[in-house]
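Subject: Structure handover

Dear colleague,

I am passing on a structure that you have not worked with before, and the sequence and coordinates follow directly below. Please look through them first, and then read on for what was found.

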Amino acid sequence: MARTQEQRKAETRSRLLAAAAELFARDGYDAVSVDAIGDLADRTSGSVYAHFGGKQGLLLALVEGFQDDLAAVIDAEFVLQPDLPARLRTIWDNLAAPASSWWFLLEIELWIRSQRDEDLAAPLADRYRSIYGLLGAEIRAWVDEFGLTPAVPVADLPQTVIGTLIGLQMQQRLTPDAVTDDVAIAALLALFGAPTTPTAPTAS
């Protein structure tokens with residue numbers, strides 16, 4: 001059966017995203033040309049502009065796509081987690097996993113470029129505000145469910161959690177012996193005002 005035009009467009013978009021992810025992670029954003037992305041994807045450089053408006057649009061689409069995939073994974077795994085430490089560990093394990101390293105490097109590159117490019121800073125700031133809003137509803141539910149008294153106002157927790165996650169990842173990649181997974185989870189629990197060590201089970 002012949003593919004439709006929409007199917008062909010979707011395949012081209014997917015191939016360009018995969019090629020860009022591989023090249024950006026391996027060589028760095030600035031070192032990669034639009035022509036190189038097109039060649040690796042077996043597409044023309046014009047297709048990059050047609051689908052994403054250019055290399056910067058590709059970078060934004062990559063980060064947004066990874067976040068969507070990660071959110072779906074976390075949502076699915078949350079159903080299985082009985083308490084806050086387990087839920088926070090789910091987030092951390094998915095963000096800090098080796099398979100996520102390319103995303104983290106792209107996120108940092110995107111942030112650096114946004115500090116020099118006002119046209120990029122505005123949509124990036126809007127994206128983070130959207131994330132804060134989505135995470136805020138979940139966080140308020142956790143605070144109520146577990147009767148927590150967070151270290152910061154509940155309204156400020158989403159951005160504080162995101163900032164802590166990013167900072168912890170940066171430090172773990174430099175000093176993994178000092179910033180272990182357990183240290184990261186304890187720091188996140190402290191933000192929520194939750195015990196940072198397991199509570200002994202109550203005798204029946």
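How many residues line the largest pocket, and which of them lie nearest its centre? In this model, which is predicted, the lining of the largest pocket is made up of 24 residues, and those nearest the centre are Q67, A71, I131, L135 and I162. The space in this pocket comes to about 660 Å³, and two or more lining residues come from each of α4 (55–78), α5 (84–96), α6, α7 (118–146) and α8 (157–174). Helix α4 gives the most, with eight residues, and by type the lining divides into 15 nonpolar, three polar and six charged residues.

Helix α6 (residues 101–114) also packs with helix α1 (residues 5–27), at an angle of about 75 degrees and with the axes 9 Å apart. Angles of 65 to 115 degrees count as roughly perpendicular, and α1 and α6 are therefore described in that way. On the α1 side the contact involves A21, F24 and A25, which meet W102, L105, L106 and E109 of α6; six of the residues in this contact are nonpolar, none is polar and one is charged.

Elsewhere in α1 you will find L16, which counts as buried because its relative accessibility is 0%. Leaving aside residues up to four places away in sequence, L16 touches I37, G38, A41, R43, S47, V48, H51, F52 and L58. The C-alpha atoms of L16 and D42 are 8.6 Å apart in space, although 26 residues separate the two in sequence.

With kind regards

Note on methods: Residues numbered from 1 in each chain as written. Predicted model: local features only at pLDDT ≥ 70, side-chain atom pairs only at ≥ 80, totals over all residues. Heavy atoms only, no water. Axes fitted to C-alpha atoms, helices over the stretch in contact; angles between N-to-C directions. Helix = DSSP H or I, 4+ residues; strand = E, 2+ residues; numbered from the N terminus. Parallel < 35°, antiparallel > 145°, perpendicular 65-115°, else oblique. Contact = heavy atoms within 4.5 Å. Nonpolar A, V, L, I, M, F, W, Y, C, P; charged D, E, K, R; others polar. Buried < 20%, exposed > 50% of the residue type's maximum accessible area, 1.4 Å probe, protein only. 1 Å grid on protein atoms, 1.4 Å probe; cavity = no way out; pocket = protein on both sides within 12 Å on 5 of 7 lines; lining within 4 Å. Points joined across faces, edges and corners; volume = space filled by probe spheres on them.
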